[in-house]
Amino acid sequence: MEQDTVDKALDDAFFKHKGIYFETSLTSLEAIDAIEDMEIRESDVFLVTYPKSGTIWTQQILSLIFNEGHRNGTEHIDNINRMPWIEYNLNNMDFNIRPSPRLFTTHLPYYLMPRDLRSKMPKMIYVSRNPKDNLVSFYHFYKIKPDIKCTISWEKFIEIFISGKVLGGSWFDHLRGWYTHKEDFNILFVTYEEMKQDLRSAVKKICKFVDKNLDEKAIDTVVERATFKNMKEDPVANYRFMSNDVLDHSKGESLRKGIVGDWKNHMTVAQSEMFDKVYQEKMGDLPIKFLWDLNEENAS
Ligand code: A3P
């Protein structure tokens, strides 16, 4: 019964194109196909994530690194305008007239990205998150998406996450695809957990990769303004600026909990063991290691 209701609600909210689910109300098949021909500049910077891996966190970090006016508070431009998603161009921007360096965000798999990335080799940053926490974050996110017109149980959500019937497609395929094609791109891999463990080092690593030589005071500002607590109150970063058609703020927040290990509050031992088995089967051959816990239950 739940199966039918959920499948219908998901079919109403999403369309599937080339193996990936997209939000019907926010993009179109034609827009996705046009991305292949997008004009690329060597100076572009792309943030690539699977949904709920720390996208808006890294948007805030990159925006602060690149924009002095963001760091010193003289400009009040929200992060979606600083770093638009290429597959969800919500403000109908003309990307061609944006000044360099252009910053972009995407959840696309490697094979749907602009063709010229492989020749122009702009800088790309891929942020991943341990999939159990990713799943938990996604489960809560679906509750604040008004176009998903049903309640999905936790058990059912685990099922659809593993099968990849979620926005952005399969977590496993997304990371595997980008990781095994990393030589085709100029890409830096960063994890959510390393940002949580040592944000300052992560910010410095990103600065080095994007060739931005910020002094220590500027680094301090980036770190300070990218903490969970400060981002939650920051109107350019907390995504409360999104309209209620896109995110129902009365049901929850984009900046929900921001910790490593919240999966322990959701998964039963049996669910966790089942997930470990699936993870091992699908990812065991890759040299990727995640941190699954940081003992920070009470962190803010
Ligand atoms: P939780 O739902 O676990 O809290 P995305 O931006 O890709 O949608 O990811 C959202 C997740 O990143 C949410 O996780 C959110 O709280 C977390 N996040 C956003 N900013 C953060 C920050 N500054 N520090 C830690 N986590 C952050």
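How many nonpolar, polar and charged residues does the shell around the ligand have? By class, the shell holds 7 nonpolar, 7 polar and 5 charged residues, where Ala, Val, Leu, Ile, Met, Phe, Trp, Tyr, Cys and Pro count as nonpolar, Asp, Glu, Lys and Arg as charged, and the others, Gly among them, as polar. The model is predicted, so that local features need pLDDT of at least 70 and side-chain atom pairs count only at pLDDT 80 or more, while totals for chains, interfaces and linings use all residues. Residues are numbered from 1 along each chain as its sequence is written, and side-chain values use heavy atoms, with hydrogens and water left out.

The ligand is surrounded by 19 residues, of which Thr 55, Ser 137, Tyr 192, Lys 257 and Gly 258 are the closest; a residue is near a molecule or strand if one of its heavy atoms lies within 4 Å of it. At least two residues of this shell come from each of helix 3 (55-66), helix 10 (192-197) and helix 13 (228-233), and helix 3 gives the most, with 3 residues. Helices (H or I, at least four residues) and strands (E, at least two) are DSSP runs, numbered from the N terminus.

A polar backbone atom of Phe 228 is 3.4 Å from a nitrogen atom of the ligand. Of the 560 Å² of accessible area that the ligand has on its own, the protein covers 96%, with areas taken from the Shrake-Rupley method with a 1.4 Å probe and, for residues, only the protein chains shown counting as cover. The space taken by the ligand is the largest pocket. On a 1 Å grid over the protein atoms alone, a pocket is an open set of points where a 1.4 Å probe fits, with protein on both sides within 12 Å along at least five of seven lines, and a molecule sits in a pocket if more than half of its atoms lie within 2 Å of its grid points.

A cis peptide bond, with omega of about -5°, joins Ser 100 to Pro 101, and Pro 101 belongs to the loop between helix 5 (79-82) and strand 4. Within strand 4 (residues 103-106) is Thr 106, which is buried at a relative accessible area of 0%. The side chains of Thr 106 and Glu 87 are joined by a polar contact of 2.9 Å, that is, a pair of N or O atoms within 3.5 Å; within protein, one must be able to donate a hydrogen and the other to accept it, and residues adjacent in sequence count only if both atoms are side-chain atoms.

Glu 68, found in helix 4 (residues 68-71), counts as exposed because its relative accessibility is 54%. Its C-alpha atom is 8.7 Å from that of Ala 218, although Glu 68 and Ala 218 are 150 residues apart in sequence.

Terms used
On a 1 Å grid over the protein atoms alone, a cavity is a set of points where a 1.4 Å probe fits but cannot get out, and a pocket is an open set with protein on both sides within 12 Å along at least five of seven lines; lining residues have an atom within 4 Å of a point. Buried means under 20% relative accessible area, exposed over 50%, partly exposed in between (1.4 Å probe, protein chains only).
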